[in-house]
Amino acid sequence: MHNIRKITNDLVYVGASDRRLALFENVYPIPRGVSYNSYVLLDEQTVLLDCADLAVMPQFMDNVAAALAGRKLNYIVVNHLEPDHAATIEEAVLRYPEAKIVTNAKAANMIRQFFSFDLDSRLMTVGEADTLATGRHELHFVNAPMVHWPEVMVTYDAIDRILFSADAFGTFGALNGNIFADEVDFDRDWLDDARRYYINIVGKYGVQVQGLLKKAAALQIDTICPLHGPIWRKDIGYFIAKYDTWSRYEPEQEGVVIVYGSVYGHTAAAAERLATLLAERGVRQIAVYDASQTDVSILVSEAFRFSHIVIAASTYNAGIFTPIENLLHDLKAHSFQNRHVALIENGTWAAQSGKQMRSMIEEMKDMTVLGDTFTIKSAMKPAQENDLAELADAMLGSME
Ligand code: FEO
């Protein structure tokens with residue numbers, strides 16, 4: 001049974017959602033599922049823009065057939081070769097053997113690496129600024145390397161001003177019938193997943209995303225069709241502004257995320273006390289997380305959201321308690337930068353975590369560590385309240 005929706009008179013959504021997958025890329029929890037978006041353009045020539053994940057292949061293939069309604073498929077445009085969009089290319093080739101595969105040279109090489117079908121007899125290699133006329137429409141191909149793999153390109157329909165943006169402007173979350181961002185409460189229900197998707201999947205490549213945003217700024221765009229999540233046809237500037245902030249590594253909000261790694265609760269108690277001291281000073285945007293209980297993808301996303309981060313960790317095996325050590329590695333891997341940081345360490349006989357956390361943070365770009373590391377020996381004592389209050393004051397003083 002097909003399940004498609006019209007986007008315009010001659011563009012059809014043929015993607016599908018997966019609500020069974022627990023971990024996207026086998027690492028990121030997706031309790032709200034994910035959609036694999038794909039589009040069929042019905043012009044004098046027909047075009048399939050990207051494919052879908054193997055998990056949704058039956059639905060996807062039904063959808064493509066329904067959209068084509070018996071017409072031949074002339075082209076398959078491959079903007080991105082990651083298997084969540086490309087694993088079904090071979091099935092598409094089997095079903096539509098006359099279709100030309102339109103992609104760039106890098107993606108063509110990856111197709112040869114992933115698959116064994118005859119690519120070269122059906123390959124149409126395109127490069128930056130090449131176009132494909134399909135009748136009324138004219139598709140322009142624009143390279144967007146490292147957003148999120150090196151072969152990525154985006155496709156711009158200059159006639160209806162539609163940008164097929166590959167992973168850019170995507171989000172975690174299965175679609176719920178409403179495929180347009182203006183049909184849902186995006187800010188309330190989708191933004192956290194959109195941020196977590198961007199930061200964790202593409203966040204390392206802010207410079208390249210800025211490059212794509214500059215190219216996009218030169219185009220008239222009425223609609224953005226990403227490969228995951230809702231389609232944008234209204235208030236596009238809202239989401240472009242989010243991408244601009246995220247890719248410049250600027251905080252989205254003035255506020256504090258406090259993340260602690262605590263073995264028996266004493267480090268947690270100090271972190272919670274600091275949250276209260278900040279609240280008493282008027283800081284309203286505070287989020288506290290236990291790194292042992294919260295997936296690191298959420299912690300990384302929250303760290304990108306706020307201007308300030310407090311990291312509190314017990315000493316463990318003469319190092320940093322592992323959930324916090326893992327967080328710090330992940331922050332560095334995602335080019336985390338340009339934030340204010342405060343540190344809390346704990347050690348019953350030889351506190352080591354503070355020194356090591358500071359050293360990892362100093363490897364990141366434009367990080368400001370506020371004050372001295374607040375040190376607990378087993379448990380925070382009332383006599384230390386003033387020192388923690390001073391740390392809270394220093395944080396407040398660094399806020400705009
Ligand atoms: Fe949604 Fe980079 O694949």
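## Exercises on charged residues in a predicted model

At 35% relative accessibility, Asp-189 counts as partly exposed, and this value, like the others below, comes from a predicted model.

**Exercise 1.** Explain which parts of the chain the salt bridge between Arg-233 and Glu-183 ties together.

*Solution.* Begin with the contact itself, in which the two side chains meet at 3.7 Å, N to O. Next, place the residues: Arg-233 lies in the loop between β16 (223-225) and α8 (236-247), while Glu-183 lies in the loop between β15 (162-164) and α5 (186-189), so the pair ties together parts that are 50 residues apart in sequence. Arg-233 is partly exposed at 34% relative accessibility, and Glu-183 is partly exposed as well, at 26%. Finally, both residues belong to a network of salt bridges that also links Arg-5 and Asp-182.

**Exercise 2.** Determine whether Arg-122 is buried or exposed, and say what surrounds this residue.

*Solution.* Arg-122 lies in the loop between α4 (105-114) and β11 (123-125). With a relative accessibility of 13%, Arg-122 counts as buried. Leaving aside neighbours within four places in sequence, its contacts include Val-93, Lys-100 and Phe-117. A further contact is Pro-97, whose backbone oxygen lies 3.4 Å from a polar atom of the Arg-122 side chain.

Key: Residues numbered from 1 in each chain as written. Predicted model: local features only at pLDDT ≥ 70, side-chain atom pairs only at ≥ 80, totals over all residues. Heavy atoms only, no water. Helix = DSSP H or I, 4+ residues; strand = E, 2+ residues; numbered from the N terminus. Buried < 20%, exposed > 50% of the residue type's maximum accessible area, 1.4 Å probe, protein only. Contact = heavy atoms within 4.5 Å. Polar contact = N/O pair within 3.5 Å; in protein donor to acceptor, adjacent residues only side chain to side chain. Salt bridge = Lys/Arg side-chain N within 4 Å of Asp/Glu carboxyl O.
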